[in-house]
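Here is a short tour for anyone meeting this structure for the first time. Have a look around before reading on.

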Amino acid sequence: MKYTTALLGAVSAFGIATMAFGAAHEGPRGRDGDVKIIYWQAPSIMNPYLSGGTKELEAASLVIEPLARYDQDGNLMPWLAESVPTVENGGVNADGTQITWVLKEGLVWSDGSPVTSEDVKFSWEYCTAEGGGCAQAEKYLDVTAVDTPDDRTVVVTFGVGKPFPYGPFVGAQAPIIQKAQFADCLGPKAPECTDANFNPIGTGPFTVTEFRPNDVITLAANENYREEGKPAFATVTFKGGGDATAAGRSVLETGEFDYAWNLQLAPDVIAQMEAAGKGMTVSAFGTSVERIMVNQTNPDPALGDERATAAHPHPFLTDIAVRQALSMAIDRALLTEIGYGPAGTPTCNVLPAPAIYASMANDGCLVQDIAGANALLDGAGIVDTDGDGVREKDGVPLKLLYQTSTNAVRQDYQALIKQWWSEIGVETELRNISASVFFGSDPGSPDTFQKFFADVEMYTNNFDGTDPEAYMANWTCDQAPRPETQWQGNNMPRYCDAAYDDLAAQMAQTSGLEARAALAKQMNDMLMQNYIMLPLTHRGRVSAHSNTLGGVVLNVWDSELWNIADWYRADG
Amino acid sequence: MLTYTIRRLLLAIPTLLFIGLCIFLLLDLAPGDPTAQLPLTIPPEVKQEIRESLGLGQPVHIRFWKWLVQFIWVEPLNMFDYFFGTAFSEGWPRIISWQSRSPVMDIVVQRIPQTLWVVGMSYVVGVLIALPIGIISAYRQYSVFDQVGTFVSMIGYSVPPFFTGVLVIVIFSVQLGWLPSIYDTTHSVVDWETFVFQLKQMVMPVMVLALQTTAQISRFMRASMLDNLNQDYVRTARAKGLSEQVVVLVHVLRNSMIPVVTVIALGVPAVFGGAIITEQIFKVNGIGQLLITAIQANDLPMVQTLTFIFAILIVLFNLIADVLYGVLDPRIRYD
Amino acid sequence: MTDQTTQAQAQAYEDRPPRNQWLDVWDQFKTHKGALVGLAFFIFIILGVTIGPLIWTIDATYIDIRARNEGPSLAHPFGTDQLGRDTLARMIAGGQTSIAVGLTAMALALFLGTLIGVTAGFSKKLDGPLMRFTDLFLALPLLPLLLVIIMLFRDRLRATFGPEEGIFILIVVVIGITSWMNTARIVRGDVLALKEREFVLAARSIGTPARRMVTRHILPNVMSPIMVSATLGIANAIITESALSFLGLGFPSDFPTWGRLLFDATDWLQQHPERVMWPGLAISLTVLSVNYIGDGLRDALDPRIRGR
């Protein structure tokens, strides 16, 4: 199949190929005219500190940049900084409480003024200002001071030792903004600076000419960009809106656009579009895993206010035999093939990447075993006693409410899994909820994924960058959403095990990649072998570009548009 | 009739205030969260801070009062300032969208051109096609023209735009390559060629939308004409020796317009409301798309403002329809 | 209708002993060819979706993953979908829901619309408040309204009537109460004009009570816009139902309905065009047949035509 070959090519050889031929595409800045990008979700602002949405982050990454960012393999690479500070090169002190960045020499903003360490410090002040509602505050967690010994040096001090100190000023989430432009926009005043929020002055390859919120952004090459002859394109048209199908169609079938972001479409549909021959898809894998969460508490509406809280354990999902049988009945390979095709791989881990963290201990789940699941349930004494085809445990029939957000692929997953579970004597009722309600955290709504008023629920989660510490800490006891926390928290299954909490605490103090990887794997295995979560598919990102657009290197660890300065017009 | 109009206009003010309050309470009650679309990697505490920075912590009545003052006082002042270069509105906070952190009205104004070009035009086209179809269909009931008209308009109405839109894109953009599938909102008409391009990018969304309007209005027109064609006054008019044209187009048409005027008046505010699905399919990004993205992002100031403008138009156009009834049929008296 | 048949009918009418009005209506209805074809097709659809499952016994939700994306064959006359579910079975099951929702929601909307429209048009005192109430409903944003309704009532209805019946009631009521406003405005406009007509004045002058006035004089004369609203209302209800299921208000996602089948198939328009065709045709033809039945009924109920 054409799709598969193109993908294989893209994944393995694409990066190398562009680097090798890069030399042939040099010339004056702006030589290649206009490049048209379509995002089916439209950006509403150009300031990632005021909106943490992926669409805004990526649009803003054309203009403003961090000190360091992740490359396509997830390695940190210096961007505005000279090099990435480490303990070895003396940039990070031994206990991880201080990190020293040095800016590249001669950096200038798009308005021509020099970039100084004051701007870096200001970016921290901006995000941590009281009442600003900064969406990236997590990046600056525990930062107690940012010092500027000279114009190019920035020293970041943390209140606690950070085994992984690359939160502040790293990645598309935490770029450097210009102090002169945003000085009057601190805290509650942030929304008043519409001009600055729509047209930030940056160091990136492009500057905004016109910003229409939720519609279209036009950008022009930054005349003061630090690299000679880049970017190759004089202008960018960044259109937003519509749906993934239409975005894919406009690149792959009609050729109206050059680059389409995040095509969440059935593999057959993409293959058909690609057959038109106008463009190709690229894909790469990050840390996204589609998983089923298994509720450990009882969501019965009759319990009133104590519904889905630790006060009432689930009548049968607390039995590991049931959870394991549910997992064994699922054919992950088939699900993935139908839902994602080459853009997904079946997985048995919630922590599937980067490779160093991926455990091999649970791969048995890749093979569907309905007979085994039936035998397991029979063995545990959970059998159908009243002849209705549904098993009972202590008189409670195994009937599940299975909820997820509205999305064509998820509904196909639900239908398939419902059928497999029926084969092991478990009845399932499906429910899908509008994504804006499901992923919202409105404590007044019964349908949020945190409240989890259902027996099982399915969604995708991932983590920023490459360090899983915060992600793995999601399943500690105190992260369980409950009325006292206004139903906030990340531990949806309400899993609670002191041994797991200990591991999480240990990881926060352990430095050294090997040791951290061992801990992360151990935590992953613990969750997996208890079947608290049933991972299904390790999801890749699929984007498409036209045949005449060269230099695209898909990056799932940072903004997809991270290397737009290297894009160029190729001969179709 | 004039006193009636004035009385109704005065009555419209408390009505609108009440509607505004209802909308506000409804939006407040509806489940949703402005941070729902943020990635799951952003921790709950940060989301809480974002919500507080948006003013969500305040009680409902204070938020409603603030919004009302901004809408009926600050925004008109701003408009005045814009046209006359004054600075009356200095220091007054405007209605700010939670998504873009910019004034709501600025975005609305930005969206009006494409909304009028596409949705407005489709309405005009739809009405202009529907009236003759309805009249001829009724006059020649059960003729071939009537049968075809019925068939096409019923199919047109029962096949939703999410399907017809994609169908025409596949035919005219993908297979034939004649028309663009994505509407360029930054395009400005300056000469003949840009005008042709504008026509090309408009034709598909306009036709898809006009199909629905035409189907609906032509059915009402036909039914109402049929009712009147058999009335005694038509026989009288014919007996008087009036030409057939005058009988049908003056006497019958005038008396048949009441339901049609109602339907048309109900449709005009909907033009402002935009066409959510069609705009989405053709990436027109007009007011319909603005509303639906605002609802999905739970951008309450934006949703509230848009629906309130919508409510004003509804009240206004229903009043216009009521006045037109009196013009069309002088026997109708409200006093 | 030709002159000859009218005359023949008039002749027959005079010769017959007095008889039931509804039989006359049926006689007139029978002469309308379109209406008969429409009625026949509508009955066919109703029978198809009610008796159909007894003849075509494949379960609409059964997944035969090896048979996915198949074209029409003997085993699957309408083909299969992307998960290998039989399209014919899904069309039959979907038809049950879509027709039930379409008819009941339409009936509810018409009832509310006509009630409010006639009351407002007929009574000067109630006109203002009722029309302002209509304006309010027209202005309320649909999506948040639906979300509030789900939040408040879904669990309660589910507990009282069970998951499927509960959701059915919810959907019908939701569609009904959000689509009566146009009918109400249209009916009121017509009633305003009607009540100044000579025959109404005449009826009033002989002291006809208000209720009789409405049922005997006003209602029959606003039948035609109501019929049009009914036809458009069914199409509307079937499509709206599919939109609801995306909000999580509709039926569970594996529960097929025509609107949903059409929406799901739109993505596959180029690969499997037949998949959009079936639900598209079913919806259109149902609406068309209702339209013709409505036309025939309107003619049959109009004494000016029937009596001739």
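## Chain B at a glance

Two residues are in contact here if their C-beta atoms, placed from the backbone, lie within 7 Å. Chain B has 12 helices and zero strands. Helices (H or I, at least four residues) and strands (E, at least two) are DSSP runs, numbered from the N terminus.

As for extent, the C-alpha trace of chain B covers about 80 × 60 × 40 Å along its principal axes. Of the 335 residues in chain B, 49% are buried. Buried means that 20 or more other C-beta atoms lie within 10 Å of a residue's own, exposed means 12 or fewer, and partly exposed is in between, with C-beta atoms placed from the backbone.

## How it was put together

This is a predicted model, where local features need pLDDT of at least 70 and side-chain atom pairs count only at pLDDT 80 or more, while totals for chains, interfaces and linings use all residues. Residues are numbered from 1 along each chain as its sequence is written, and chains are lettered from A and ligands numbered from 1 in the order in which they are written.

## One helix in chain C

Now over to α5(C): its buried residues are M131(C), T134(C), D135(C), L138(C) and A139(C). Seen down the axis of α5(C), they fall within an arc of 130° (taken from the directions from the helix axis to the C-beta atoms), so they line one face of the helix. The face turned away from that buried side carries the exposed K125(C) and P129(C).

What do the buried residues of α5(C) pack against? Their partners are α1 (2-29) and α12 (300-328) of chain B, plus α4 (87-122) and α8 (181-194) of chain C.
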